[in-house]
Amino acid sequence: VIKVICIGIEGTAEKTGVGIVDSNGKILASQGNPLIPESGGIHPREAAEHHAANIVPLIKDALHESGLGLEDMDLVAFSRGPGLGPALRTVATAARSLALSLNIPIVGVNHCIGHVEIGRLTTGAEDPVTLYVSGGNTQIIAFDAGRYRVFGETLDIAMGNCIDQFSRSVGLGHPGGPVVEKLALKSRNHIKLPYTVKGMDLSFSGLLTAAIRKYESGEAIEDVCYSLQETAFSMLVEVTERALAHSKKREVMLCGGVAANNRLREMLSIMAEEHYAEFHMPPMKYCGDNGAMIAWMGQLMHSHSLVKGMEDTEVIQKYR
Ligand code: KG4
């Protein structure tokens, strides 16, 4: 079997990532560099500038890690969305330049499915219901009737964004996830906060506002952090549980940056256990945004004949 090498570029949000994966699913390199905002949240233009400054150095780092040269690449993959407009344009431009200069095919891939597929590759999960929770996305995804479908998602802000905005508003800085988790461990005092699940969808903006108000009205920060986590994570688990029951799948997978949270992991794995489903989580390196997942998606698109131009390029022909 001919081995194809794919280089993937990720940059839907504030993290630039470059990965190299072969067609056997061997991750040969994964290099990344996040933009750390000095204050406030992620500005799309700053994210784009970060990618512009980091893509070339990261390509060099990834090649170094893999021990390969640019001439060994057969395919370029890039994250085509969903994400921040200026960030996506920068990544697409870099990917096009690379493909044109190497005269190899290019493929744009879906970022969210990338998370699911790198999860399947690194955990061995076969057909999971996936809870993907990050700074920018909150989705419950599963393969059903021939394609990936979003079973439920946030109607407003993402889970990670809710925690980050809360953290910044109460002076705990960015990113909020790790700080809020640590403070939550010091409390068992549940304050009632809005719990908003609408059908299979979720809303976090009312919860965010209410949590900030509780803090401002004098509630202890530990109690607010604890209650925010318990409320939001229960909402996530409820929708994932319903998707699991509906789809009759036997596996639950957790991914995205918020997967770092031990309490969320605990709650979700208890739910999975109650349904006799296996619980999976990729290594943290592949939970957040990364280039390897984009490169692997490129391989999957290629192996399913979804890469245009793969057949007529000289590079691929030379293997025939
Ligand atoms: O996937 P990711 O690295 O990239 C973005 O989508 O931006 O996710 C980052 C998000 C941030 O919102 C951060 O606060 C959250 O993951 N996060 C956590 C924890 N560690 C990171 N959320 C909850 N608990 C944590 N321990």
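User: Between which two helices is the loop that holds L306 found?

Analyst: This is a predicted model: local features need pLDDT of at least 70, side-chain atom pairs count only at pLDDT 80 or more, and totals for chains, interfaces and linings use all residues. Residues are numbered from 1 along each chain as its sequence is written. Helices (H or I, at least four residues) and strands (E, at least two) are DSSP runs, numbered from the N terminus. L306 is in the loop between α9 (291–303) and α10 (314–317).

User: Is L306 buried or exposed?

Analyst: A residue is buried if 20 or more other C-beta atoms lie within 10 Å of its own, exposed if 12 or fewer, and partly exposed in between; C-beta atoms are placed from the backbone. L306 has 12 C-beta neighbours inside 10 Å, so it counts as exposed.

User: What distance separates the C-alpha atoms of L306 and A158?

Analyst: L306 and A158 are 148 residues apart along the chain. Their C-alpha atoms are separated by 30 Å.

User: What is phi of S305, and where is the residue placed?

Analyst: Most residues other than glycine have a negative phi. S305 is placed in the loop between α9 and α10. It counts as exposed because it has 9 C-beta neighbours inside 10 Å. Its phi is positive, near 60 degrees.

User: Which phi does N103 have?

Analyst: N103 is in the loop between α2 and β5. It has 9 other C-beta atoms within 10 Å, so it is exposed. N103 is not a glycine, yet phi is positive, at about 55 degrees.

User: What omega does the peptide bond from G81 to P82 have?

Analyst: Most peptide bonds are trans. P82 is found in the loop between β4 and α2. The bond from G81 to P82 is cis, with omega near 0 degrees.

User: What omega does the peptide bond from H174 to P175 have?

Analyst: P175 is found in the loop between α4 and α5. The bond from H174 to P175 is cis, with omega near -5 degrees.

User: Why is strand β4 (residues 75–81) largely enclosed by the rest of the structure?

Analyst: The reason lies in its burial count. β4 has seven residues. It is largely enclosed because the buried ones among them number five.

User: Which residue of β4 stands opposite I9?

Analyst: Two strands pair if DSSP finds at least two bridges between them. Four bridges join β4 to strand β1 (residues 5–10), and the two run parallel. Opposite I9 stands F78.

User: Which residue of β5 stands opposite S79?

Analyst: β4 and strand β5 (residues 106–110) run parallel, joined by five bridges. Opposite S79 in this pairing stands V109.

User: Which hand does the β-α-β unit of β4, α2 and β5 have?

Analyst: A crossover is right-handed if, with the strands pointing away from the viewer, the path from the first strand over the helix to the second runs clockwise. Here the helix is α2 (residues 85–102), with β4 and β5 as the strands. The unit is right-handed.

User: Which residues come nearest the ligand?

Analyst: A residue is near a molecule if its C-beta atom, placed from the backbone, lies within 6 Å of it. There are 21 residues around the ligand. Coming nearest are G135, G160, G177, G257 and G288.

User: How many residues of the shell around the ligand are charged?

Analyst: Ala, Val, Leu, Ile, Met, Phe, Trp, Tyr, Cys and Pro count as nonpolar, Asp, Glu, Lys and Arg as charged, and the others, Gly among them, as polar. The shell holds six nonpolar and ten polar residues. The charged ones number five.

User: Which domains each give at least three residues to the shell around the ligand?

Analyst: Domain bounds come from an automatic or database domain assignment. Helices α4 (159–169) and α5 (177–184) each supply at least two shell residues. The domains that each give at least three are domain 1 (5–115 + 287–317) and domain 2 (129–248).

User: What radius of gyration does the protein chain have?

Analyst: The radius of gyration is taken over C-alpha atoms, and the globule rule is 2.2 Å times the number of residues to the power 0.38. For 320 residues a compact globule would come near 20 Å. The protein chain agrees, with 20 Å.
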